[in-house]
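Welcome! Please take a moment with the sequence and the structure shown below, and then we will walk through them together.

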Amino acid sequence: MNEQIQGDSIVSGSAKGTILFSDEPLSFWGGYDQNTGEIIDRRHPLSGQIAAERVLALPFSRGSSTGTAVLLEAIRADKAPVAILTTGIDTFFALASIVAAEMYGKPIPIIALSTSDFIRLRNGGQAEIYPNGAITIHQANS
Amino acid sequence: ERLVRLGAKVIIPTTLNVSGVDEKHWRDWPVPPDWAEKAIRQMAAYKSMGTVPTWTCAPYQTEYRPKFGQQIAWGESNAIAFANSVIGARTERYPDLLDICAAITGRAPAAGLHLTENRAGQILLKLQNVPEEMQNDASFYPVLGNLMGKLAGNKNPVIQGMNTTPSEDQLKALGAAGASSGAVALFHIVGLTPEAPTLEAAFQGNQPQKTYSITKNELLASWEKLTTADGEELDMVVLGCPHFSMEEFKQLDSLIQGRRCHPEVQFLITSSRNMVALAKQSGLIEQLRQFGAKISLDTCILTTPMLPNSTKRLMTNSAKYAYYAPGLLNTQVVFGTLTDCVESAICGKATRNEYL
């Protein structure tokens, strides 16, 4: 079954990947290993999961201001999520992607969703993201 | 360095957060030399743009402390919370890289917490039947902050029902904790912080979006979550997150009089070069050295990879250290009061006075 969601494209781009979802916010600094793409916040429900090359859905970023630098470095090292989907606009993620475009020529899409649309990602599946902020979710076995 | 090559200079007073290395003492620790070299390059780049080399995560405890109502643009989560909440200066929660752009342009967007209407409280945390002795415990503020961050997320929390008058360092601990477990950039305490003389003022006449009762049980659960280690093994006590202040040096001084740290436990304090120089002038450093303490300048254990691999069990009075160390440093952590930390360092094992 396919589902369509329309988000706001904060940093525009195309991406495809498996959804990794949590309704708990994350600090990238202290919570994300930029060399491996592992979520290392040991108090976070996604602790131990690899978010690299996946579509990461988090409500917003919490914690350290240096989260931006960690995401930027992960993008440079190809260990970042292929896209990040949030509820509302998250300036920390957006800035990392904007600077990645400027410095490395490779931004990742950052999409803001309404809370009700964000919750629809909780069952995972494959997501395809379009430059206009549209998202198609493919779920196997449903 | 790219900004420097482009000729960038800051045009407003600009303090600097912690650096990536203690320039003077990094060789005393297993810091990779290429890390140190890059960190020193980064320091040089920041300095050449005309910034003030404060190198601290507690810039509000320097001569550059902002004033009530002043528009500022700060990074560093704990400093943002302190400036907005305790001082009433106005900053949005700025990420790294945007802060230096604000310094170069002298501009910040007229949005977010720069604007009065966005500074209203949004959720209410009501302390209910929290025993006075618990509120007077040195762990109360970091423990409450840890819970506040969890409950508030990215909203502005208002705390009601506090019976004690916290010190500045206790408010610093509260904010640092809330900006780690959550995204708290502004909190109000009714009757205490400058924009919250009353409950109505804190909410600017609005109704709370949500109200939480906080009892002894929620605080105990928050306290327990800050510790990840079981047992008493202890490799290191680490203090100074955010950076240790003069008052904190004085408190520590009164606890270590004539005593010695256990030979198998490292005792580390992180602070800025300026604060340590002031503490030295006040005669507070010599006794610390005799106690067996080490001091690291301008950085901390989270921003410099400096701990030996053999350091597996940390103890701290900082909720922020306790929050980040397990993931960033792959260590276990015991959270205790300053007194617990000192007593544990002396006896060589992690012991705590139970939190009530």
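## A starting point: one proline

Where is Pro32(B) found in chain B? In this predicted model, Pro32(B) sits in the loop between α1 (2-5) and α2 (33-48) of chain B.

Is Pro32(B) buried or exposed? There are 12 other C-beta atoms within 10 Å of Pro32(B), and a residue counts as exposed if it has 12 or fewer, so Pro32(B) is exposed. Now look for Pro305(B) as well: Pro32(B) and Pro305(B) are 273 residues apart in sequence, yet their C-alpha atoms are 7.7 Å apart in space.

## An open sheet in chain B

Next, find the open sheet of four strands in chain B, which run in the order β3-β2-β1-β4 with parallel pairing. At the edges stand β3 (188-189) and β4 (210-214) of chain B. Each of these edge strands has a single partner strand, so one side of each has no neighbour in the sheet.

What holds strands side by side? In general, strands of a sheet pair through backbone hydrogen bonds, and the pairing can be parallel or antiparallel. In chain B, strand β1 (residues 123-127) and strand β2 (residues 157-160) pair in the parallel sense over four bridges.

## Chain B as a whole

Now zoom out. Chain B has 14 helices and nine strands in its secondary structure. Its radius of gyration is 20 Å, close to the 21 Å that the globule rule gives for 356 residues, so chain B is as compact as a globular protein of that length.

Along its principal axes, the C-alpha trace of chain B spans about 55 × 55 × 35 Å. Of the 356 residues in chain B, 50% are buried. If you take the contacts in chain B between residues at least 6 apart in sequence, 77% of them join residues at least 24 apart.

How many helices and strands does chain A have? The secondary structure of chain A comes to three helices and eight strands. Starting at the N terminus, you can follow the elements of chain A as β-β-β-β-α-β-α-β-α-β-β.

For 142 residues, a compact globule would have a radius of gyration near 14 Å, and the 14 Å of chain A agrees with that. The C-alpha trace of chain A spans about 35 × 35 × 25 Å along its principal axes. Among the 142 residues of chain A, 51% count as buried. Of the contacts in chain A between residues at least 6 apart in sequence, 77% join residues at least 24 apart.

Note on methods: Residues are numbered from 1 along each chain as its sequence is written. Chains are lettered from A and ligands numbered from 1 in the order in which they are written. This is a predicted model: local features need pLDDT of at least 70, side-chain atom pairs count only at pLDDT 80 or more; totals for chains, interfaces and linings use all residues. Helices (H or I, at least four residues) and strands (E, at least two) are DSSP runs, numbered from the N terminus. A residue is buried if 20 or more other C-beta atoms lie within 10 Å of its own, exposed if 12 or fewer, and partly exposed in between; C-beta atoms are placed from the backbone. Two strands pair if DSSP finds at least two bridges between them. The radius of gyration is taken over C-alpha atoms; the globule rule is 2.2 Å times the number of residues to the power 0.38. Two residues are in contact if their C-beta atoms, placed from the backbone, lie within 7 Å.
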